[in-house]
Amino acid sequence: MPPDGRLSAHAWVGRAPAGAAAVVLAAVAAVAACTPGATGPAAPTSGGSSATGAPASPGPLPRSVTDGFTVEIAQARTDRVARVVELRVHNGSAADLTVLEGRLTSATTSGPAVTEEPREVGAGRTRALRAALAAPVCPPGGVTTAVDPAPVVELDVVDADGRRATVRVAPTDETDDLRRVHGEDCAAAAVAAGLELGLEETLTTRDDGTAEVVLRVRPVPGGPHVRLVQVGGTTLLRPASGYGPWVLDVDSAAPPPDGRVVLPVAPARCDLHAIAEDKRGTVLPVHAAVDGVALPPVFVAAPPALRGALHDFVLDACGSADHARS
């Protein structure tokens, strides 16, 4: 026994009956939990819920941020064949934000055009987000001049604190790109229903500094009546006979027996900058009428082998850099 004649709790428990020992140990544990410095469960932090300890939601973005967005639709020349447009998103708010996804819907396409990847758009900044257009919705015959695209853009945005919102914007389209793309898409579909078009990969060059590009045509059985009337020049190519278009009269009802339309070509310009920066110089605009209705041009792109051969032809025909001319 200790000098003061008192037993510690553990010593007393050792001498007490089993039931009493259990009561004493429970009481000791309760006292310890209330004693300053004792080990026990941590109290909830100020950033969580006192009931569950879960992190508090950051909440939505305020209207002062979401109302600051504007969007402009545009299309680069290099994206025309791939039917990709840019959503030029301007963040007019004072907050740095990330656009997780943008979606462009239009009356001229079968579904939304979705942006390729998230982009940060700082306060007061404008960033371009690329999106491929869905398949076109075309009226019979490809006549599309009266169709209003009525575009709408939705942006899923988030700030650095995790606050999110989906912003709905009526975009501007200053150069009417959506209407133009729709007209070209539907013209291509209408022509293709009656006459298949393509360019041969082989380029035939001549000693006089000209060459021959071959447009292949093949009627589609049961398709509409298609008549090709001209092929326009490009930034790199023109008719060998002079400036202007190649004038045609190709009828799907009486096509060339061999299916070949020969286009004699010459360089349209010889400055090396135009050649080095070429974007659409080897994409030929073909003008056609379907069932008597004139349509927007159909663009026929040179396959890779022909594109390279045309660039070499222009360089050779124009001569060295010392003789390059505008």
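The legends below describe close-up views of a predicted model.

View 1. In soluble globular proteins, nonpolar side chains tend to be buried together.

**View 2. The surroundings of L263.** When residues up to four places away in sequence are not counted, L263 touches A211, E212, V213, V231, W246, L248 and L284.

**View 3. Helix α4 and the strands packed against it.** Helix α4 runs over residues 177-192, and its 16 residues reach 22 Å from the first C-alpha to the last, close to the 22 Å expected at 1.5 Å a residue. Its buried residues are D177, L178, V181, H182, G183, E184, D185, C186, A187, A190 and V191. These buried residues pack against β1 (69-74), β3 (97-105), β9 (195-199), β12 (226-231), β16 (283-290) and β18 (298-301).

**View 4. The open three-stranded sheet.** Three strands, in the order β1-β2-β6, form an open sheet with antiparallel pairing. Because β1 and β6 (126-132) stand at the edges and each has a single partner strand, one side of each is left without a neighbour in the sheet. Neighbouring strands of this sheet are turned against each other by 25° on average, direction ignored. Between β1 and β2 (residues 84-91), which run antiparallel, there are six bridges, and T70 stands opposite H90 in β2.

View 5. Strand β7 (residues 152-159) is largely enclosed by the rest of the structure, because six of its eight residues are buried. With β3 it pairs in the antiparallel sense over eight bridges, and in this pairing T98 stands opposite V158 in β7. The pairing of β7 with β8 (residues 164-169) is likewise antiparallel and extends over six bridges, with V157 standing opposite A165 in β8. Strands of a sheet pair through backbone hydrogen bonds, either parallel or antiparallel.

**View 6. The hairpin of β7 and β8.** Four residues lie between the two strands of this hairpin, in which G162 takes a positive phi near 85°.

Notes. Residues numbered from 1 in each chain as written. Predicted model: local features only at pLDDT ≥ 70, side-chain atom pairs only at ≥ 80, totals over all residues. Heavy atoms only, no water. Contact = heavy atoms within 4.5 Å. Expected span 1.5 Å × (residues − 1). Buried < 20%, exposed > 50% of the residue type's maximum accessible area, 1.4 Å probe, protein only. Pairing = 2+ DSSP bridges. Axes fitted to C-alpha atoms, helices over the stretch in contact; angles between N-to-C directions.
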